[in-house]
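Here is a protein chain to read closely.

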Amino acid sequence: MSETVVSPPSYGCGGCGARVEHAPGTTALQCPYCGHQQQIAAAAREVREHSFDGLATLARKPAAAVGAYVYRCPGCGASTESAALAERCQFCATPLVPQQAADELIAPEAVLPFAVDRNGVRTALSTWCRSRWFAPSSLKKVSEAETLKGTYLPHWTFDARTVSDYRGKRGEHYYVTETYTVTVDGKTENRTRQVRHTRWHSASGRVRRDFDDVLVPATTHLPTDKLDELAPWPLNEAVPYEQDYLAGYHALRYDTEPEAGLVEAKARMAPVIEGDCRSDIGGDEQQVDAVDTSYSDVTYKLLLLPVWIAAYLHGGRSYQVLVNARTGEVIGERPYSKAKIAAAVLAALAVIAMVVFLMSR
């Protein structure tokens, strides 16, 4: 593995000489000390999708084989080694963002800038804590994060046109009148009832669907299921990648290759395609026995999504939460109250006992 020496751009404040960083919800860099703002230049291009077939022609290395960046801080001149796409100087906190990604890696195509600021995180965390069922009452008092780090997380998006041939069965319900006997006050009575049956027929056909922006996490630093819970994302609000949007934040490089990302994307397309097959089969019930899907016009892009990674203290323990920095959605760890859970179980048992008693009378 080799190192890439990077001389980041200077993010000095034009007002007081301190550092500037991207202000959430704006298209400007702002000084946290004097409030001076500097507009981020609008990109001269639009967000583009790239042909997946073109990956074979790129001169790139696997992400695992690409070494760390060595940043030369424009503020104090110190060196910082990091595998991140954006950092802060460990000595003077100056934003460190490379002029461009390493040539061996696929460069980000788009970024969804931060919109929720630190105050927004405080509000979202407080609301989330107050709304947790079966949580200790003291959790409602939590409103501050012990640690808070704004981070851009890499994701792949994939577009594809699909054609799927399926085989299965269509089930159609029909009803048969059946006679049965019951004993009432010692006497036997004959009664009838309608019993549902299903008649099955073979079915086959072809369905088509165009997929747009199937989102797949491109980092293994956080669990995929947790990142998925932060959805939906307003992907239509993404802008062409500009390094200034990363100023003041941490940004991870991808460590999941696009080829692996496409495999996962197809797995996410599969349930949608099966749903299309069931709709095409029709009837009252459906069985899908086999689906053969072909993919064409597959495109991809690398997108950076904004997340606040926070931790809060409760009962002497630290709990991690993630906050969608566009929508304010919060997911993460929380404590449970054993007393409240036990009370709920006892209440449920009491209701069941009462129902059984009334029915037995």
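Q: How confident is the predictor in this protein chain overall?
A: The mean pLDDT of the protein chain is 87.

Q: Where in the protein chain is confidence lowest, and where is it highest?
A: Strand β1 (residues 4-6) has the lowest confidence, with a mean of 58. Helix α3 has the highest, at 97. Where pLDDT is low, the predicted coordinates should not be read in detail.

Q: Where is the kink in α3, and what is its angle?
A: The kink lies at A270 and is about 30°.

Q: Which residues of α3 are buried, and what do they pack against?
A: Buried means under 20% relative accessible area. Among the buried residues of α3 are G261, L262, A265 and M269. I273, D276 and C277 are also buried. The buried residues of α3 pack against β11 (147-184), β12 (187-217) and β15 (285-314). An α-helix has 3.6 residues a turn, so residues three or four places apart point the same way.

Q: What makes β2 (21-22) and β4 (37-39) edge strands?
A: Three strands form an open sheet in the order β2-β3-β4, with antiparallel pairing. β2 and β4 each pair on one side only, and that makes them the edge strands.

Q: How do you know that β3 (residues 28-30) and β4 pair?
A: Two strands pair if there are at least two bridges between them. β3 and β4 have three bridges, in the antiparallel sense. Q30 stands opposite Q37 in β4.

Q: Which strands pair with β11, and in what sense?
A: β11 pairs with β15 in the antiparallel sense over 24 bridges. There, K149 stands opposite I309 in β15. β11 also runs antiparallel to β12, and 29 bridges join them. A160 has F211 in β12 as its bridge partner. With strand β14 (residues 250-251), β11 pairs in the parallel sense over two bridges. Y152 stands opposite A251 in β14.

Q: How many residues lie between β11 and β12 in their hairpin?
A: Two residues lie between them. D185 in the turn has a positive phi of about 55°.

Q: Why is T151 called buried?
A: T151 is in strand β11. Its relative accessible area is 2%. The cut-off for buried is under 20%, so T151 is buried. T151 touches F114, H250, L252, L305, P306, V307 and I309, not counting residues up to four places away in sequence.

Q: What makes R48 and E109 a salt bridge?
A: A salt bridge needs a side-chain nitrogen of Lys or Arg within 4 Å of a carboxyl oxygen of Asp or Glu. For R48 and E109, the N to O value is 3.4 Å. The pair links distant parts of the chain, 61 residues apart. R48 is partly exposed, at 43% relative accessible area. E109 is buried, at 4%.

Q: How do you know that K301 and E49 form a salt bridge?
A: The cut-off is within 4 Å, and their closest N and O atoms are 2.8 Å apart. K301 is in strand β15 and E49 is in the loop between β4 and β5, 252 residues apart. K301 is buried, with a relative accessible area of 5%. E49 is partly exposed, at 32%.

Q: Why is R326 called partly exposed?
A: Partly exposed lies between the buried cut-off, under 20%, and the exposed one, over 50%. R326 has 22% relative accessibility, so R326 counts as partly exposed. R326 forms a salt bridge with E237, with the closest N and O atoms 2.4 Å apart. The two residues are 89 residues apart. E237 is also partly exposed, with a relative accessible area of 38%.

Conventions
Residues are numbered from 1 along each chain as its sequence is written. This is a predicted model: local features need pLDDT of at least 70, side-chain atom pairs count only at pLDDT 80 or more; totals for chains, interfaces and linings use all residues. Side-chain values use heavy atoms; hydrogens and water are left out. The bend at a residue is the angle between axes fitted to the seven residues ending there and the seven starting there. Helices (H or I, at least four residues) and strands (E, at least two) are DSSP runs, numbered from the N terminus. Buried means under 20% relative accessible area, exposed over 50%, partly exposed in between (1.4 Å probe, protein chains only). Contact means heavy atoms within 4.5 Å. pLDDT is the predictor's confidence in each residue, from 0 to 100.
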